[in-house]
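Here is a short report on one structure. Keep the sequence and the 3D view open while reading.

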Amino acid sequence: MRLLEGQKLCWLLIAAAVPVLIMAIAVGPVSFPLTSLFSNDNSQSALILREIRIPRALLSALVGAVLAISGAVMQGLFRNPLADPSLIGVSAGASVGTSVAIMFGGYLAGAFGGWLSISTLSGLSLISIGAFLGGAGAVVLVYRLSTSPYRGTSVPTMLLVGIAIGALAAALNNLMSFMADNEMLRRMSLWQMGNLDLANWNRVWLCLAMLVLFLILLRNQSSNLNALLLGESEARHLGVNVQATKRRIIVLAALGVGVSTALAGTIAFVGLIVPHMVRLISGPDHRSLLLASGIMGAIMLMLADLLSRLVIAPAELPVGVITAFLGVPFFVYLLRQTVSAR
Amino acid sequence: MHAKSHPVLQIDSVGVDIEGVTLLDQVSMSVEAGEVIALVGPNGAGKSTLVRAISGEQQLSRGKIAFNNAPMADWPLEALAVHMAFMPQQSVLDFPFTAREVVALGRIPHSTGQLIDSQVVEQVLAYLDVGYLADRVYPSLSGGERQRVQLARVLAQIWTPVEHPRLLVLDEPTSNFDLAHQLLVVKLLREIAFQGISVLVVMHDLNLAMICADRIAMLCCGQLQAIGRPESVLTSSNIRQSFGVDAEFIQDSVTGQKHLAFTATDRVKT
């Protein structure tokens, strides 16, 4: 049944990640030897590598890792292998935030000019900030509505509230699309397909900080998540503080998806498919699942971004389109394999 | 055997109201070290509410419950988890853990190290006759097999001796078992109790309860109707009052063993 043990899978994935990273840096519309990276001149090729290719490859790896880990913990929390970060309203809220930023960006820039220049300096656009605030706002709303002082957070209620908030967000989005002009409309829909072409070093550092925070705060949560898979009552009897664990997981997943959405738009399927693939290969134990999902998510998004740059070079496809094209057939293949193995 | 200076579990005038409906009222009983108590009663009698109250999952409206001489609320979750294991009626698990991994989850509250944990898991798997299922994926097992794996999991949780006497609370553990495994579990519960672990088990089958338990507690309409040795609790009048069923003892002429035989009365008690 198990194709590989969790630990072996992690090592294998790390071994695979290195050549993928090199490939993601080396391959592009303009080709040149990697050695120009080590030359200290300010030639065009060194600049392209240092300021465009490397940050972009690293950002795609980091965003992929954060998305995949967020998906894995959400699926554990909801005890549903098909749960996805969009279920708690992050993606929907983020897309409303983006649409607002795109439509009213001009007014907002006038009103909060000073504040904005600071954020633009740190490598974030108004759109990113809008996405993050929208995503975070939606999660806070969903969490509040599904938490009562007596029963704590009800996970089934949260799913339903998430769907409701998602529908509300979709309506808001449609309303804004209806009112938007052609240029705005194009920007909105492009953002919703996800793209990494705004990668820069500031975004890389921000995402890296997010990933490190993730790994630190999730370090001791693997056993708790394993226990939660049995049920909340069962986890409690195994000595797990269920409410505290739920709160931590929700906050982290919302933060992770919010940050990565702010940096790279909505990238579908990574959070859903990657943890699922890892489970099909090495089982659902979170002690290896979280790490393996992170590395596999990084590899998958690097590959997807590489393809998005190459397929219609020198133009680019939105990376979200590629993740779906790449991920879905592989996912279906793995699914079929396990069905026949049973 | 453990000293019987104080009961492992002391339930004192416990009452539970939910939304104005009284589910439990004035229930008092104790569980001694190394004894098996079967909790019986008709549907809606409050059996599950009582075990949920014992496990700390259900807040009490009145009364108090003490475990190893300390109020339940004073027990930290982690310390409680190594002393008391609880098996609910049903556990839904859709993730492809193997049976062995599910049993190993029972070792989460322990810090005994991987070696001891895996030894315990193997012992429990063999003990409950689920060793041959160890590498199968849990969602692919049948209802009875899943229940045996879950029982193995809660056993693994309290398998190793700890500071205080241990308690195993089981809510209808045998509901999906075939006959052979029902009897196996009865035998195992007796063995577990012999090692000093107290067992509180909700059962529907009165005949099974009779051969399994040291004492039987009969609940009806949220109140404790009778508690004591099986033959003193499972009387025709008690059973008629609680279950609305006529019952009589039939003695096997060869083994001398007693069985209950039932006839439905005209009305089912509500």
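In what order do the 6 strands of the open sheet in chain B lie? The order is β6-β7-β8-β3-β9-β10, with mixed pairing. This is a predicted model: local features need pLDDT of at least 70, side-chain atom pairs count only at pLDDT 80 or more, and totals for chains, interfaces and linings use all residues. Residues are numbered from 1 along each chain as its sequence is written, while chains are lettered from A and ligands numbered from 1 in the order in which they are written.

**The sheet in chain B**

Helices (H or I, at least four residues) and strands (E, at least two) are DSSP runs, numbered from the N terminus. Two strands pair if DSSP finds at least two bridges between them. The edge strands are β6 (84-87) and β10 (223-228) of chain B, each pairing on one side only. Neighbouring strands of the sheet are turned by 15 degrees against each other on average, direction ignored. Axes are lines fitted to C-alpha atoms, for helices over the stretch in contact, and angles run from 0 to 180 degrees between N-to-C directions.

| Pair | Sense | Bridges |
|---|---|---|
| β3 (residues 36-40) and β9 (residues 215-220), chain B | parallel | 4 bridges |
| β11 (residues 245-251) and β12 (residues 258-264), chain B | antiparallel | 7 bridges |

B:Leu39 has B:Ala217 as its bridge partner in β9(B). B:Val245 has B:Ala264 in β12(B). The hairpin of β11(B) and β12(B) has 6 residues between the strands, and B:Gly256 there takes a positive phi near 80 degrees.

Helices lie across the sheet. Helix α5 (residues 143-157) of chain B lies across β6 and β7, at about 170 degrees to β6(B). Helix α6 (residues 179-194) of chain B lies across β3, β7 and β8, at about 150 degrees to β8(B).

**A helix pair in chain A**

The axes of α2 (residues 44-78) and α9 (residues 222-230) of chain A come within 7 Å and cross at roughly 40 degrees. α2(A) and α9(A) are therefore oblique to each other (under 35 degrees counts as roughly parallel, over 145 as roughly antiparallel, 65 to 115 as roughly perpendicular and the rest as oblique). A:Val73, A:Gly76 and A:Leu77 of α2(A) meet A:Leu225, A:Leu228 and A:Leu229 of α9(A). Contact requires C-beta atoms, placed from the backbone, within 7 Å.

Technical notes
Two residues are in contact if their C-beta atoms, placed from the backbone, lie within 7 Å.
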